[in-house]
Every structure is written in structure tokens, then in C-alpha cells.
Amino acid sequence: MRAITHHTPDALLAAYAAGTLSPAFSLVVATHISICAECRAALEGHHAVGGALLDGSDTATLSQALKSDILAMLDDPAPAAAATPLAARKGEGIYPGPVMEALKGKKPRWRSLGLGLKQAILSDDEYGSVRLLHIPAGQAVPDHGHNGMELTLVLQGSFSDETGQFARGDLEVADEDLDHTPVADGGAPCICLAATDAPLRFHSFMPRLFQPFFRI
Amino acid sequence: MLTENYNRTRPIQRRAATEGNGPRRERKKVASAPLDGSVNGTTGGATPSPDIAPETQWMLAVRDQRDKAAFAQLFDHFAPRLKGFAIRSGSAPAQAEEIVQDVMLTVWRKSDQFDPHRAQVSAWIYQITRNRQIDLHRKLGRPVPEELKEDPGSEPDASQILAVQQETSKLKDALSRLSPNQREVIEKAYLGELSHQDISDNTGLPLGTIKSRIRLGLERLRHDLKGMR
């Protein structure tokens with residue numbers, strides 16, 4: 001397997017570390033980090049910056065009982081509904097942990113989009129949308145522009161467009177300026193994780209089925 | 001006895017040399033604080049080198065011995081900073097204490113996920129804090145990467161722990177040399193006040209200060225990944 005050549009840009013990593021990235025983009029970034037040592041190390045670098053700032057932060061006076069209260073809780077069983085875990089579940093096959101987490105451990109529920117193209121929507125809400133795309137070898141995704149930003153992470157196979165070739169682990173960051181026609185390369189079908197920051201806007205004159213290709 | 005004294009004083013001397021003044025006076029406590037069972041007589045866990053920072057030693061004692069005294073030390077160091085940090089990122093004082101409580105309990109409960117070869121305690125706690133603050137604002141937490149476990153049974157590698165420590169102290173130096181404006185922007189970014197677009201547009205944001213740290217982490221990760229596959 002060739003090395004990952006398209007990485008998560010620093011600004012995205014910093015925003016992810018600080019928690020300001022949308023959930024849809026965060027899922028893609030967390031998935032990329034799961035399989036890219038370079039970006040995982042970079043993320044840890046961002047945590048180190050945050051930690052240094054925390055360590056140098058002005059102190060605030062604590063309520064008197066806070067320490068004794070917390071010390072008294074150490075032996076309590078951890079609450080069942082724990083907050084965000086620090087790590088996702090294990091990956092399965094081509095799907096890294098964060099994707100398995102989004103799939104709740106189940107197989108993707110593919111829906112046909114015609115021409116052999118399939119998608120499985122993982123989430124689609126006011127924060128943006130994220131989905132798995134399945135593109136047969138040699139198949140082109142219809143030419144599309146972007147309304148906002150789109151992140152596409154290859155999980156299997158590869159695709160090529162005007163900007164280069166993207167294989168497993170490669171992340172393409174596309175914005176309004178990029179008008180591209182990704183074509184899945186030969187071999188295995190190309191499976192991608194794709195996210196947009198704008199909610200999908202459906203137009204009545206456009207078949208709902210094909211809409212994603214014009215708006216993602 | 002001689003070695004023990006050395007243990008206690010050496011880290012502070014190092015700090016004085018590398019960190020200037022700043023809000024670290026409190027660390028003097030460390031000199032008189034007993035490092036007790038947390039450092040000596042460890043069972044197959046860490047046998048920290050004398051140069052390893054007290055926070056790291058306390059954290060390892062929490063992780064490997066479930067040492068409550070060490071946890072109390074971590075609390076005394078981090079809780080007031082965490083509260084200040086949470087207030088600066090927009091939490092009301094009462095909510096800030098809730099965050100302190102959640103974060104410190106997570107430090108205790110998830111201590112097995114602390115890996116001193118890759119992160120300093122402050123970096124790890126920063127990560128937990130941001131997760132917690134996001135949880136408070138959103139129903140759904142943020143997606144997190146798959147965990148990268150240390151090789152089971154791998155021995156703590158003091159030189160690697162020290163290397164992370166040294167890189168972090170270089171990073172702190174770099175941060176302290178920033179202009180007030182740059183410092184403000186970088187604080188805003190890591191306190192979660194800037195969007196991705198803001199960060200992207202802020203060409204003056206000295207993200208480059210972390211590059212050396214990244215390279216270091218990378219070598220370790222390559223090593224760990226090789227162990228995994």
C-alpha cells in the first residue's frame with residue numbers, strides 16, 4: 001500500500017483539537033487520524049500547544065468543598081452514560097473506528113443512486129452532512145461544484161480528478177473554487193467518506209436521488 | 001537518601017533554567033511534596049527517571065497504582081488552572097467547576113489511556129477538557145480517533161518521556177516569545193473561539209511552533225504502529 005500523500009491541513013487539525021470543527025468534518029478528520037500516523041502526531045502537537053496554554057493559564061479560586069467532594073467520588077462506579085469517550089471503537093475491514101462508531105457497529109445501509117453509484121448517509125442535519133459513497137471502478141461522479149467546503153476521504157480503491165490521485169487514507173479538501181469530476185480508478189470500487197459543512201438543500205425541480213451529487 | 005534528594009530537586013532546577021518566571025511558582029510545593037510510593041517501589045510500572053516532571057510521575061502513580069495522594073497533587077496543580085481556562089473559554093464559574101469535576105474524574109477513570117511517551121499530562125488534560133466542553137454545548141460529542149494502544153508489556157522508556165518533556169518545554173519557550181497579538185490569536189484558537197475558517201485566514205497564527213514536537217511524536221507513532229501491524 002502506498003503512503004498517504006494528501007493530509008489533513010493544519011488549520012483543520014487545530015480546529016478539531018480545539019473542538020470548533022463541525023461534527024461532520026470532525027468525523028472525517030477523526031477517521032483520517034485513525035489511519036494516518038503523521039496527522040495523529042500533528043494532532044498531538046496541537047494538544048501539546050493547548051496543554052501548554054492550559055498549564056500557563058491564570059488560576060481561579062475553587063469552591064472550598066470541590067476537592068474533598070471529588071476525592072470522595074473516586075471510588076464511585078463510573079456513570080453508565082459516560083461523556084465523549086477518548087477513543088472510538090475498533091475499526092472493521094476498511095472502516096476505521098470513528099466510521100464504525102457512526103454506523104453503530106452495523107454494516108452500511110447502501111442506497112442506490114443509479115449508474116452503480118451508492119451512498120449510505122451517516123448523518124445529515126443543520127451542522128452538515130456526512131455519508132459513505134460507493135463508486136464502481138471507472139465510474140465518474142457527475143461534475144459538481146461546492147457550496148461551502150467538502151472533505152472526501154478514500155477508504156478503499158482510489159479516484160482521480162483534476163487535482164491528482166487519491167487512494168486509501170488520502171483526504172481531498174474541496175471548496176467553492178474547485179469544480180471537479182472525480183473518476184474512480186480501475187480495480188476495486190472506490191469507497192469514500194464525504195462530508196459537507198452546509199446542510200443539504202433540496203430543490204424541488206431536481207430529483208432528490210441525484211441531488212447529493214450537485215450539493216455535496 | 002542522596003538520590004532521593006536529587007529526585008526531588010532536580011526537576012525544579014531544570015524548569016528554572018528553561019521556563020523563566022510565569023505562573024509556575026506554585027511548583028515549589030513539589031519540592032516538599034512526598035513522592036512516596038508513587039515513585040519508589042513501583043510494581044512493574046514506571047521507574048521514573050529523576051528528571052521526569054512531577055505531574056508525569058503523579059499521573060503514572062495514578063495510572064499504575066491508583067494512588068489517591070498523587071491524584072490530589074494533580075488536582076492541586078491542574079484544578080485551579082482548569083477553572084481559569086474554562087472561564088476564559090466562556091463558561092460561567094459554576095459550570096467551570098462542573099467541568100473541573102468531570103475532567104478530573106475522567107483523569108482518574110481513564111488514566112489507562114495516558115501514554116507519557118506521546119503526551120505530557122497537560123496536553124492529555126487539554127484534550128479531555130475540550131471534549132467535555134463540547135459535550136456541554138452539543139447533544140452529541142465529537143467523533144474521536146481510534147485508540148492507539150501501547151504495546152502490552154512494553155517497558156516505560158524514560159528517554160522518550162524526557163524527549164516529549166523537552167519538546168514541550170521548547171514549545172513553551174516558543175509560545176512565550178510570541179508577540180502579544182500572536183499570543184492572543186493562538187489562545188483564542190485553542191480556547192475554541194475561532195472557527196476553522198478563522199484559523200485558516202489567520203496567516204499570522206504561528207502553527208509552525210509545533211513542528212518540532214510533531215516530528216518527535218511521529219517517530220514514536222511509527223514505532224507504535226509497527227508494533228500493531
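This report describes a predicted model with chains A and B, from its confidence scores to its sheets, helices and interface.

Residues are numbered from 1 along each chain as its sequence is written, while chains are lettered from A and ligands numbered from 1 in the order in which they are written. In this predicted model, local features need pLDDT of at least 70 and side-chain atom pairs count only at pLDDT 80 or more, but totals for chains, interfaces and linings use all residues.

## Confidence

The model scores ipTM 0.84 and pTM 0.81. The predictor's confidence in each residue is given as pLDDT, from 0 to 100. Chain B has a mean pLDDT of 74, with 62% of its residues at 70 or more. Over residues 1–46 of chain B, pLDDT stays under 50, and the model has 49 contacts beyond four places in sequence for this stretch. Where pLDDT is low, the predicted coordinates should not be read in detail.

## Chain B

Helices (H or I, at least four residues) and strands (E, at least two) are DSSP runs, numbered from the N terminus. Chain B has 11 helices and zero strands. Of its 229 residues, 41% count as buried. A residue is buried if 20 or more other C-beta atoms lie within 10 Å of its own, exposed if 12 or fewer, and partly exposed in between, with C-beta atoms placed from the backbone. Two residues are in contact if their C-beta atoms, placed from the backbone, lie within 7 Å. Among the contacts in chain B with a separation of 6 or more, 60% are between residues 24 or more positions apart.

The axes of α5(B) and α6(B) come within 9 Å and cross at roughly 140°. Such axes are lines fitted to C-alpha atoms, for helices over the stretch in contact, and angles run from 0 to 180 degrees between N-to-C directions. The contact includes B:Phe71, B:Leu74 and B:Phe75 of α5(B), and B:Val100, B:Val103 and B:Met104 of α6(B). By class, it has 15 nonpolar, no polar and two charged residues. Here Ala, Val, Leu, Ile, Met, Phe, Trp, Tyr, Cys and Pro count as nonpolar, Asp, Glu, Lys and Arg as charged, and the others, Gly among them, as polar.

B:Pro143 is found in the loop between α7 and α8 of chain B. This proline counts as buried because it has 28 C-beta neighbours inside 10 Å. Its C-alpha atom is separated by 9.5 Å from that of B:Asn131, which is 12 residues away along the chain.

## Sheets of chain A

Two strands pair if DSSP finds at least two bridges between them. An open sheet of six strands in chain A has the order β1-β2-β3-β9-β4-β7, with antiparallel pairing. Its edge strands are β1 (111–114) and β7, each of which pairs on one side only. From one strand to the next, the twist averages 25°. Helix α2(A) packs on this sheet, touching β2, β3, β4, β7 and β9, and its direction makes about 140° with that of β9(A).

Strand β4(A) (residues 150–156) has six of its seven residues buried, so it is largely enclosed by the rest of the structure.

A second open sheet in chain A has three strands in the order β6-β5-β8, again with antiparallel pairing. Here β6 (164–167) and β8 (183–184) stand at the edges with a single partner strand each, so one side of each is left without a neighbour in the sheet.

| Antiparallel pair (chain A) | Bridges | Residues standing opposite |
|---|---|---|
| β2 and β3 | seven | A:Lys118 and A:His134 |
| β4 and β7 | four | A:Thr152 and A:Glu172 |
| β5 and β6 | four | A:Ser158 and A:Ala167 |

## Where the chains meet

In the model, 70 residues of chain B are in contact with 60 residues of chain A. The elements of chain B that give two or more residues to this side are α5, α6, α7, α8, α9, α10 and α11. By class, the side has 35 nonpolar, 16 polar and 19 charged residues.

Helix α1(A) (residues 10–18) is mostly covered, with nine of its nine residues buried. These buried residues pack against α2 and α3 of chain A, together with α7, α9 and α10 of chain B. After α1(A) comes A:Gly19, whose phi is positive, near 85°.
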